[in-house]
Amino acid sequence: MTKTGGGGEATASTPNKRAVLTSPPRSNKRGRPRKVDILAREAANKNAAKAHEKEETAAESMENTENTENDHKQEGKRRRKYTKRAGKKLDIAARVFFNNRLSANEADTQRFIPQEEDCERFDEARKAVGQDIGDSQGIDGSTPSTPSGVSAGVGYQVKKIRIGLFEIDSWYISPYPDEYSRHPLLYICEFCLKYMKSEYTYQRHCMKCTLKHPPGDEIYRDGNISVFEVDGRKNKVYCQNLCLIGKMFLDTKTLYYDVEPFLFYILCEYDTKGYHFAGYYSKEKRSAQGYNLSCIMILPSKQREGYGKLLIEFSYLLSKKEGVPGSPEKPLSDFGLLSYRSYWRRSIYEILLDQGVGRISIEDISARTGMTVDDIISTLQTDGMLQRPPYGLGGYRLVVDVEKTSEYLRKANEKNPRRIDPSKLMWTPFLMKRPVALDGDQAADNAGVEIGNASNGLVNGSARDGCEAPGPEDDAAMLSDLSV
């Protein structure tokens with residue numbers, strides 16, 4: 001079939017080919033093609049080019065899908081070959097790694113190797129996650145806001161921890177990673193303090209954990225009680241895990257990961273299985289304020305056994321070994337103040353009863369106890385034992401009721417018989433500090449105070465024969481007279 005144009009040549013038309021204008025456009029009276037015909041020709045060519053591009057892109061997409069399917073098949077074959085080889089290698093390495101402690105069934109790791117079904121599930125989950133991510137985006141592409149009732153920035157709280165044979169309820173939120181904080185129960189190894197999410201992982205870890213004591217130097221041992229010194233710079237991960245445990249039972253603790261400037265002293269109970277963690281305290285390597293203790297924590301399962309005061313006494317033993325008076329980091333919490341006041345009172349009473357009637361200075365008490373002068377004065381003031389003598393005599397007098405003091409020490413020793421034996425300490429100070437020499441005026445101000453008993457006219461701070469105890473207005477003068 002032929003077709004002729006206006007003055008053009010005849011061309012054969014095929015129904016399966018695109019409509020492309022091959023005949024010349026019609027001409028006007030002057031012999032030039034009309035403008036309408038030119039525009040129609042250009043539009044037809046553009047449409048034909050677009051259709052050709054669509055066909056090419058469709059063919060390319062079909063080829064890509066075929067290639068991806070072939071790649072997935074080849075990847076599946078590689079996975080199956082790898083799992084067979086890896087299964088044999090892991091089965092042999094399992095027994096060597098666990099030092100032949102496990103039986104053949106326990107050391108079998110074949111069930112943990114991903115099979116073909118697992119790979120298919122993983123691919124399906126990966127696709128589903130991609131769809132969920134697209135659905136979770138907002139209209140403008142932003143992520144959805146925090147759900148109502150949950151404030152932003154507040155993490156999940158671990159309800160309980162399993163450490164050793166004890167399952168302990170947590171008191172406060174500890175900043176564990178999110179994947180661990182979502183679990184209500186964490187399993188913690190009592191030797192390396194590693195935390196885990198599942199009981200099965202915890203049991204496997206306990207079988208292969210080679211650490212049976214804290215990673216530091218054992219500086220004290222008395223019976224089944226041992227104290228280890230751990231450097232935060234040398235054992236950073238262990239100390240960070242230790243601080244995370246401490247935060248679960250201390251509300252005011254703010255140190256979690258910056259552990260390098262601190263030393264940690266770990267209190268452990270020893271048995272045939274190893275050194276079991278019971279508590280710890282930390283202190284700065286170089287403290288400008290002279291603090292000998294920054295943070296102290298005893299596990300709730302080990303409380304009411306005297307371990308808290310034992311660590312307090314141990315911190316003052318190290319202060320005496322260094323030759324520098326020490327004090328806990330201020331301000332103290334309510335429970336911390338009660339514990340320290342009890343220890344300060346007990347230490348001062350023992351020295352006063354050993355001294356008897358005579359003269360003793362605040363510096364002598366500080367040198368023998370390792371306590372600072374301010375802590376000694378505050379304890380004596382609280383107990384009403386620091387009194388101004390009658391008739392305008394200078395200085396101050398320590399008034400001791402021997403019977404009540406002896407009764408207090410007897411009850412304290414019965415309640416808490418654990419004491420630190422200085423002869424069993426094997427330790428050298430981490431940082432040597434030269435003691436500050438006193439000036440002549442300061443030494444004269446701290447010359448001493450007189451010790452009396454109930455026969456001198458004062459009993460428990462009460463007045464006799466017109467003698468009055470100092471009031472609050474005398475505190476400033478008292479501190480100025482006895483300050484170092």
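**Entry 1: the whole chain**

I started with burial, and found that 34% of the 484 residues in the chain are buried. I'm keeping in mind that this is a predicted model. Next I looked up the secondary structure, which comes to twelve helices and 17 strands. Then I checked contacts between residues at least 6 apart in sequence: 61% of these join residues at least 24 apart. For the surface, I noted that the chain exposes about 30700 Å², with carbon and sulfur atoms supplying 52% of that area.

**Entry 2: the largest pocket**

How big is the largest pocket by volume? I got about 1600 Å³. I counted 39 residues in its lining, and Ile 296, Ser 333, Phe 335, Gly 336 and Ser 339 are the ones nearest its centre. The elements giving two or more residues to this lining are strands E10 (274-284) and E12 (295-298), along with H6 and H7. H7 has the largest share, six residues. I sorted the lining by class too and wrote down 18 nonpolar, eleven polar and ten charged residues.

**Entry 3**

I went on to cavities, and the structure holds three of 30 Å³ or more. Which elements give two or more residues to its lining? They are helix H6 (307-322) and helix H7 (334-355). H7 gives the largest share here, three residues. My list for the lining reads Lys 309, Glu 313, Tyr 343, Arg 346, Ser 347, Asn 416, Arg 418 and Arg 419. By class, I have five charged residues, two polar and one nonpolar.

I then followed up Asn 416 from that list. Asn 416 sits in the loop between helix H10 (402-415) and helix H11 (440-445). Is Asn 416 buried or exposed? Its relative accessibility is 7%, so I have it down as buried. Setting aside neighbours within four places in sequence, I found Asn 416 in contact with Gly 306, Lys 309 and Arg 346. Two of those names, Lys 309 and Arg 346, are also in the cavity lining.

In helix H8 (residues 362-369), I marked Ile 362, Ile 365, Ser 366 and Thr 369 as buried. Why do the buried residues of H8 line one face of the helix? Looking down the axis of H8, I see them fall within an arc of 100 degrees, so they line one face. Just after H8, Gly 370 has a positive phi of about 80 degrees.

For helix H9 (residues 373-383), my buried list is Val 373, Asp 375, Ile 376, Ile 377, Thr 379 and Leu 380. Just after H9 comes Gly 384, with a positive phi of about 70 degrees.

Another reminder: most residues other than glycine have a negative phi, and most peptide bonds are trans. With that in mind, I looked up Leu 193, which is not a glycine but has a positive phi of about 65 degrees. Leu 193 lies in the loop between strand E5 (185-188) and strand E6 (195-196). With a relative accessible area of 1%, Leu 193 is buried.

Arg 304 is not a glycine either, and its phi is positive at about 60 degrees. I found Arg 304 in the loop between E12 and H6. Arg 304 counts as exposed, at 90% relative accessibility.

Which residues does a cis peptide bond join? I noted Lys 330 and Pro 331, with omega at about 0 degrees. Pro 331 is in the loop between strand E13 (327-328) and H7.

**Entry 3: two last look-ups**

Cys 206 is in helix H4 (residues 199-208). I have Cys 206 as partly exposed, at 33% relative accessibility.

Asn 235 is in the loop between strand E8 (225-231) and helix H5 (236-247). Not counting residues up to four places away in sequence, Asn 235 touches Pro 215 and Val 230. I also checked Asn 235 against Pro 214: they are 21 residues apart in sequence, and 9.7 Å apart from C-alpha to C-alpha.

Terms used: Residues numbered from 1 in each chain as written. Predicted model: local features only at pLDDT ≥ 70, side-chain atom pairs only at ≥ 80, totals over all residues. Heavy atoms only, no water. Helix = DSSP H or I, 4+ residues; strand = E, 2+ residues; numbered from the N terminus. Buried < 20%, exposed > 50% of the residue type's maximum accessible area, 1.4 Å probe, protein only. Contact = heavy atoms within 4.5 Å. Areas by Shrake-Rupley, 256 points an atom, 1.4 Å probe, with all protein chains shown as cover. 1 Å grid on protein atoms, 1.4 Å probe; cavity = no way out; pocket = protein on both sides within 12 Å on 5 of 7 lines; lining within 4 Å. Points joined across faces, edges and corners; volume = space filled by probe spheres on them. Nonpolar A, V, L, I, M, F, W, Y, C, P; charged D, E, K, R; others polar. Arc of directions from axis to C-beta.
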